[in-house]
Amino acid sequence: MITSTATTGRASARRRVGCGTRGGTGVVYDPLTGLTHRTGEPTLTGRATLANESIAALPEVHPGGLGDVMPVSVCWSPIVRCNLACPHCLDDKSVPELGRGGRAEVAARIAASGVLGVDVSGGEPLLIRDLPTLLDVLVDGGCAVSVTTNGTHLPRRAEALARRVDAIRVSLDGPDPQRHDRWRGEGSFAKAVSGIRAALAHGIPTQIQAVLMRSTAAGLPALVELADRLGVHGVTVLQYLPFGEGASLANVEQVPDEEALDLVGALGPAPVPVRLRTRADAAGFTVVRADGQVWRNAPDSTAIAALRPLTGPVSLAVTGRDGSA
Ligand code: SF4
């Protein structure tokens, strides 16, 4: 992960994080950025509120390097369905979805697992009617919780989310309707921006996520300017991963690591924090998918595979080179 920081009025704000110990070291998971930070001493546990500048001052660490079998955080995708049909979608649309009862069981198991953070993603998680109940279970279990969304339904759901989630991540592929809607469909940019404004109006720490593609890379500087105008808390640029629907576009759209580093580095001191999540950052990451199975990214992030059903904390453990237990 490379990071370009900025000094803005947002820096004085505080936000919720997940705290605990991994490999004998105190760590903080930031639900806004998805980053794990080393605190040095295992003094904090559970959900805690820290100043933005305090979080940024903590050194970043790859969770896989902490020498612990338990992941720091997981992504949970309780839904495959989506109101959009993006050709670069990471999700595997063939994965079957559990029903309401199954989702509730998975939420309870994740909440009891000891992970410090959960990013609820999809599919489009705001299509789930019982989402507030699921989020409450995760928060009550001590997790720092974020939701990753295309933003379409945020205007009507932001108020309920504000009482529950610690951060919102909204996906944007371009800085204007022309460049974003090409990928996500006509009208999707306006809805996503309305969603971002709604989340911010309700006081939810919000960041923009942008998948780095050959076709969209030139729009990055304008996207960062947009992020500043909207007042979001940061931008995370995601290296393209060859998963799901988007696997067929990887050869054309994936930007090599070195070039990705140069592109984000060239943004210079941006008006909002900008980060690149490299493929190395995504290595070994754990995803609980809509089928209730634990999936894990390969060590080189070239594939993701189902390992086992989530039946308890041990299901999430990482012990083998391939992430098997
Ligand atoms: S990328 Fe996101 S918004 Fe687009 S189809 Fe996939 S889940 Fe839906």
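How do the residues of the shell around the ligand divide into nonpolar, polar and charged? Four are nonpolar, two polar and two charged. Here Ala, Val, Leu, Ile, Met, Phe, Trp, Tyr, Cys and Pro count as nonpolar, Asp, Glu, Lys and Arg as charged, and the others, Gly among them, as polar. The shell consists of C82, L84, C86, C89, K93, G123, N150 and R184, where a residue is included if one of its heavy atoms lies within 4 Å of the ligand.

A word on the source. This is a predicted model, in which local features need pLDDT of at least 70 and side-chain atom pairs count only at pLDDT 80 or more, while totals for chains, interfaces and linings use all residues. Residues are numbered from 1 along each chain as its sequence is written, and side-chain values use heavy atoms, with hydrogens and water left out.

Next, the open sheet. Its four strands come in the order β4-β3-β2-β5, with antiparallel pairing. At the edges are β4 (36–38) and β5 (46–51), each pairing on one side only. On average, neighbouring strands of this sheet are turned by 40° against each other, direction ignored; the axes are lines fitted to C-alpha atoms. Strand β2, residues 14–22, is joined to β5 by six bridges, and R15 has L50 as its bridge partner in β5. Strands count as paired if DSSP finds at least two bridges between them. Strands themselves are DSSP runs of E, at least two residues, and helices are runs of H or I, at least four, numbered from the N terminus.

Now β9. Five of its five residues are buried, so β9 is largely enclosed by the rest of the structure. Buried means under 20% relative accessible area, with a 1.4 Å probe and protein chains only. A167, R169 and S171 point one way, and I168 and V170 the other. In a regular strand, side chains alternate between the two faces of the sheet. Strand β8 (144–149) runs parallel to β9, with four bridges joining them; S146 stands opposite A167.

β9 also meets helix α6. The buried residues of α6 pack against β9, α4, α5, β10 and α7, packing being contact between heavy atoms within 4.5 Å. Among those buried residues are F189, V193 and I196. Helix α6, residues 188–201, has 14 residues and reaches 20 Å from first C-alpha to last, close to the 20 Å expected. That expected span is 1.5 Å times one less than the number of residues. After α6 comes G203, with a positive phi near 80°.

How values were computed:
Buried means under 20% relative accessible area, exposed over 50%, partly exposed in between (1.4 Å probe, protein chains only). Axes are lines fitted to C-alpha atoms, for helices over the stretch in contact, and angles run from 0 to 180 degrees between N-to-C directions.
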